[in-house]
Amino acid sequence: MKAFATLIATLGTTTKTNEKVQALEAYFLQASNEDKIWVIALFSGKRPKRSISSTLLKGWCAEQVNIPAWLFDESYHTVGDLSETIALLLNKEDTQISNGKPLHYYIEKFIEIEKEPEQVKKDFMLHCWQTLATKDELFVFNKLLSGTFRIGVSQQLMVKALAKVTGMDTSVIAHRIIGNWNPLTTTFGTLMNASDSNYELSKPYPFCLAYPLDGEPETLGSITDWQAEWKWDGIRGQLIKRSNTFFLWSRGEELITDRFPEYQSIFDALPDNVVIDGEIIAADKATPLPFALLQKRIGRKNVSNKLMTEPPVSFFAYDLLEYNGEDLRQQPLQQRCALLKEIVANCNNPLLNTSPEVVCQTWEQLAQERTKSRDQMAEGFMLKRKDSIYQTGRKRGSWYKWKIDALTIDAVMIYAQKGSGKRSNLYTDYTFAVKDGDKLVSFAKAYSGLTDAEIAKVDSFVKRNAIEKFGPVRTVKPELVFEIAFEGIAASNRHKSGVALRFPRISRWRHDKKLDDINTIEDLKAMLAVYGNGVE
């Protein structure tokens with residue numbers, strides 16, 4: 001635990017990529033295999049299910065340091081992080097004495113006591129709080145229960161460090177750690193053994209991601225070197241068929257095969273040992289439908305026959321990653337896509353389509369086509385170098401997303417709520433309204449888009465101009481006007497305004513506008529009529 005706490009402290013105090021990789025490399029060189037497998041799991045999003053609630057932790061800590069619950073809550077709001085609050089209140093004096101327990105002991109103990117009586121959990125926690133050697137260890141121990149490690153370590157950095165330690169290629173390691181493996185039953189040796197032929201058949205490849213295009217596309221060079229495709233609004237996924245077994249993975253590394261049972265017909269038509277990258281889209285065969293319709297399927301584990309037709313879904317194939325069991329990612333995009341088109345054509349399945357290439361002779365012509373994006377139910381274009389390999393993660397220079405401009409509307413802030421974590425003492429979550437005659441109607445919430453300086457000014461305004469209090473929410477004078485940007489708009493029966501926005505955020509603070517200048521509910525409904533994406 002001491003070595004892991006030191007690692008977390010080092011990673012949290014540097015912003016330099018090389019220093020983070022070096023810290024990870026040093027840790028992996030000296031840690032036990034049992035601890036290594038858990039660090040890989042923690043940093044790749046496989047944190048075990050929480051076994052002790054934050055309410056219990058707060059109560060036990062307050063009891064231990066003999067303070068009332070309200071004082072604990074005030075301390076928590078000031079610090080902004082539960083794990084750090086507990087570590088500070090326990091006032092641990094750092095010592096050189098260690099109880100010698102390794103990281104994996106604590107994690108596996110949490111799992112072991114998950115269903116034990118509350119007293120068993122309390123005894124374990126109090127013993128650990130008393131015996132851990134340093135404040136850093138205490139903080140990290142609490143973090144194993146209460147939250148993720150927000151330390152700016154991407155999975156890609158961990159892969160680089162593991163590659164240096166093991167001597168394996170980064171693409172191989174990235175492939176090994178993705179998927180549905182369990183750190184309780186998978187050893188470090190098994191996970192890193194690239195020659196092991198018994199690895200899970202279901203494992204997807206790490207997704208290749210695109211950078212936003214900054215500036216004009218002419219900066220990319222000749223348009224003949226680039227392939228343009230519509231940027232569809234759906235769920236990125238990989239279709240996998242290996243050893244006559246079918247899997248569907250989302251980009252979030254979630255196995256979602258059961259949620260799209262209609263894809264069984266695609267599986268039946270595909271040749272064996274192929275992996276296809278693409279997008280799950282609400283579509284009538286090859287015609288995309290609004291993303292809002294697809295939201296009905298998200299999170300549904302039991303899919304009825306009615307839900308499979310309302311809406312219907314298709315898979316739009318982008319890329320071919322594996323064929324006849326051979327990894328094709330190092331081959332040029334143009335070559336991969338040519339073979340992909342043959343496979344899709346031979347399948348002759350209405351639910352499986354290739355994403356059509358948009359061919360133009362100049363960037364100006366492509367820019368004109370881009371203005372038709374919303375008519376195509378698309379967000380703009382994907383631009384990919386025709387000679388590009390399929391890389392791991394987001395790499396600059398090969399793939400770009402050229403999105404259309406967001407929709408915007410001017411609105412006034414009417415409610416504010418404090419944030420969480422480091423912003424728990426600031427009002428950072430806002431609700432916005434437009435005019436409906438003489439009334440104001442709320443229509444969106446947003447909590448991103450402002451600078452730290454602007455957040456501080458808004459926070460000061462809220463504290464000086466709060467009118468009413470509803471739990472953590474404050475009603476404020478309707479004076480601050482902001483431009484709200486969003487990607488789409490849909491009719492909604494759940495909102496008073498009758499509309500729901502997709503990805504709302506603050507694009508700018510309109511210091512130049514007053515309450516009388518904001519948009520109206522009629523303006524929103526007019527946008528719904530033009531850009532409406534179905535019903536939420």
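1. Arg336 counts as buried because its relative accessibility is 0%. (Buried means under 20% relative accessible area, exposed over 50%, and partly exposed in between, with a 1.4 Å probe and protein chains only.) Arg336 sits in helix 16, residues 333-347. (Helices are DSSP runs of H or I with at least four residues, strands are runs of E with at least two, and both are numbered from the N terminus.)

2. This is a predicted model, where local features need pLDDT of at least 70, side-chain atom pairs count only at pLDDT 80 or more, and totals for chains, interfaces and linings use all residues. Residues are numbered from 1 along each chain as its sequence is written, and side-chain values use heavy atoms, with hydrogens and water left out.

3. What surrounds Arg336? Leaving aside neighbours within four places in sequence, its contacts include Asp319, Tyr390 and Trp399. (Contact means heavy atoms within 4.5 Å.) Ser388 is another of these contacts. The backbone oxygen of Ser388 lies 3.1 Å from a polar atom of the Arg336 side chain.

4. Turn to helix 19, residues 521-531. Ile521, Leu524 and Met527 are buried there. They lie on the same side of helix 19 because they cover an arc of only 120 degrees around the axis. (The arc is that of the directions from the helix axis to the C-beta atoms.) The face turned away from this buried side carries the exposed residues Ala529 and Val530.

5. The whole structure has one cavity of 30 Å³ or more. (On a 1 Å grid over the protein atoms alone, a cavity is a set of points where a 1.4 Å probe fits but cannot get out; a pocket is an open set with protein on both sides within 12 Å along at least five of seven lines; lining residues have an atom within 4 Å of a point.) The largest cavity holds about 80 Å³. (Volume is the space filled by probe spheres set on the points, which are joined across faces, edges and corners.) Helix 7 (103-112) gives the most to its lining, with three residues.

6. The largest pocket holds about 660 Å³. It is lined by 32 residues, and the closest to its centre are Gly234, Ile235, Arg236, Arg251 and Glu279.

7. The second largest pocket holds about 540 Å³. Of its 29 lining residues, Phe443, Ala444, Lys445, His495 and Pro504 are the closest to the centre. Strand 16 gives the most to this lining, with five residues.

Definitions and conventions. Polar contact = N/O pair within 3.5 Å; in protein donor to acceptor, adjacent residues only side chain to side chain.
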